[in-house]
Amino acid sequence: MTTAHAPGKVILFGEHAVVYGRPAIAAPVTEIQARATVEPAPPGQGARIVAMDVGQQFLVREEAQENPLARIAQLTLRRVGQAPDPDLTITITSDVPIARGMGSGAAVSTAIVRALAAHFEHWLPSREISDLVYQAEVLYHGTPSGIDNTVIAFEKPVFFVKDEGWEFFWVGSPLLLAIADTGIQSSTRKVVSDLRRRYEADPDHYRLLFDRVGEIVARARAAIERGEVARLGQLMNRNHRLLQAMDVSCPELDRLVGAAREGGALGAKLCGAGRGGNMIALVTAETRGRVDMMLRLAGAADVIVTEIR
Ligand code: PMV
């Protein structure tokens with residue numbers, strides 16, 4: 001029996017604009033993890049996936065065309081020379097909330113790749129894991145930027161530009177983030193395609209918004225490298241305003257963002273696709289308790305505090 005894990009993630013800056021070629025910054029969230037366990041199965045069963053949290057089980061060979069989990073298992077089995085259909089059971093559990101902008105799909109896929117590779121004693125470099133997971137992400141999201149698979153497979157904060165690549169960068173002083181969940185599920189695919197429609201109706205307007213996000217992301221990276229947390233908080237607030245202008249926020253996210261600022265956060269913004277899911281607030285050791293309380297009073301379904309370093 002072989003078990004492997006992968007963390008969740010948050011986008012700190014630049015979601016949505018990243019789909020249009022502007023940079024974005026994301027970081028792993030190790031407090032929440034997806035797990036995959038691989039065990040031998042009776043002869044003739046083939047490869048089966050048991051997804052405990054959603055109460056589903058299915059055979060890889062029957063679902064690999066449309067189910068991202070079956071697809072990633074099939075791609076990995078091919079990669080490690082075990083195609084077409086070895087007898088094994090892959091059991092998945094995850095505490096990365098589904099459809100909340102925390103990278104649940106990429107986390108589960110990464111855990112599956114790692115567990116299968118380990119089970120067959122193959123070492124796969126993170127870059128290759130990331131590329132495999134991207135192919136499953138396409139089934140979830142349609143046109144993913146690739147940021148989720150990158151940050152989760154490498155487990156490091158990244159500065160990411162779609163189709164160009166990514167850079168790891170120095171985190172000058174650890175950042176304390178409160179991550180609050182609206183409790184509302186949101187489909188990244190839908191939010192991205194709705195924005196695409198608005199963009200196509202008025203490309204100049206949206207290009208301008210994306211450019212301004214791109215500038216904020218570059219400044220945010222510099223502020224993170226220099227450990228300028230107060231500056232970083234202001235940049236978060238500005239990024240949130242631009243996301244509101246793109247119409248990807250919602251009243252529940254705006255309420256949590258407002259509550260975090262009232263509680264003393266240095267800055268706050270939605271993170272990920274928006275229209276539900278999570279927001280992040282930049283806090284300090286002194287303000288984290290109060291911000292946590294304010295977020296819960298404002299209706300947060302859950303609050304996690306994580307340190308980015
Ligand atoms: O909601 P998430 O964490 O899947 O993030 C989506 C981020 C977008 O920029 C909106 C889309 C993408 O593919 O990068």
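I take a polar contact to be a pair of N or O atoms within 3.5 Å. The model I am looking at is predicted.

**Entry 1: the ligand and Ser 145**

An N or O atom in the side chain of Ser 145 is 2.6 Å from an oxygen atom of the ligand. I noted a backbone N or O atom of His 16 at 2.9 Å from a ligand oxygen. For Ala 273 I found a polar backbone atom, also 2.9 Å from an oxygen atom of the ligand. The protein buries 96% of the 370 Å² that the ligand exposes when taken alone.

I then asked which residues come nearest to the ligand. Of the 16 residues around it, these are Lys 9, His 16, Gly 101, Ser 145 and Ala 273. Strand S1 (2-13), helix H5 and helix H6 (188-201) each give at least two residues to the shell. I located the ligand in the largest pocket.

I went back to Ser 145 and placed it in the loop between helix H4 (126-141) and helix H5 (147-154). Is Ser 145 buried or exposed? I count Ser 145 as buried, because its relative accessibility is 12% and the cut-off for buried is under 20%. Its side chain also reaches the backbone nitrogen of Ile 147, at 3.3 Å. Leaving out residues up to four places away in sequence, I listed Val 18, Tyr 134, Phe 160 and Lys 162 as touching Ser 145.

**Entry 2: Gln 45**

Gln 45 has a relative accessible area of 17%, so I filed it as buried. Not counting residues up to four places away in sequence, Gln 45 touches Leu 59, Arg 61, Asp 87, Leu 88 and Thr 89. I also checked Gln 45 against Asp 194, which is 149 residues apart from it along the chain. Their C-alpha atoms are separated by 42 Å.

**Entry 3: positive phi**

I looked at two residues with positive phi. Glu 121 is not a glycine, yet its phi is about 55°. I found Glu 121 in the loop between helix H3 (104-119) and H4. At a relative accessible area of 74%, Glu 121 is exposed.

Asp 247, not a glycine either, has a positive phi of about 65°. I placed Asp 247 in the loop between helix H8 (229-245) and helix H9 (251-262). I wrote Asp 247 down as partly exposed because its relative accessibility is 41%.

Notes
Residues numbered from 1 in each chain as written. Predicted model: local features only at pLDDT ≥ 70, side-chain atom pairs only at ≥ 80, totals over all residues. Heavy atoms only, no water. Helix = DSSP H or I, 4+ residues; strand = E, 2+ residues; numbered from the N terminus. Buried < 20%, exposed > 50% of the residue type's maximum accessible area, 1.4 Å probe, protein only. Polar contact = N/O pair within 3.5 Å; in protein donor to acceptor, adjacent residues only side chain to side chain. Contact = heavy atoms within 4.5 Å. Near = heavy atom within 4 Å. Areas by Shrake-Rupley, 256 points an atom, 1.4 Å probe, with all protein chains shown as cover. 1 Å grid on protein atoms, 1.4 Å probe; cavity = no way out; pocket = protein on both sides within 12 Å on 5 of 7 lines; lining within 4 Å. Sits in = over half its atoms within 2 Å of the grid points.
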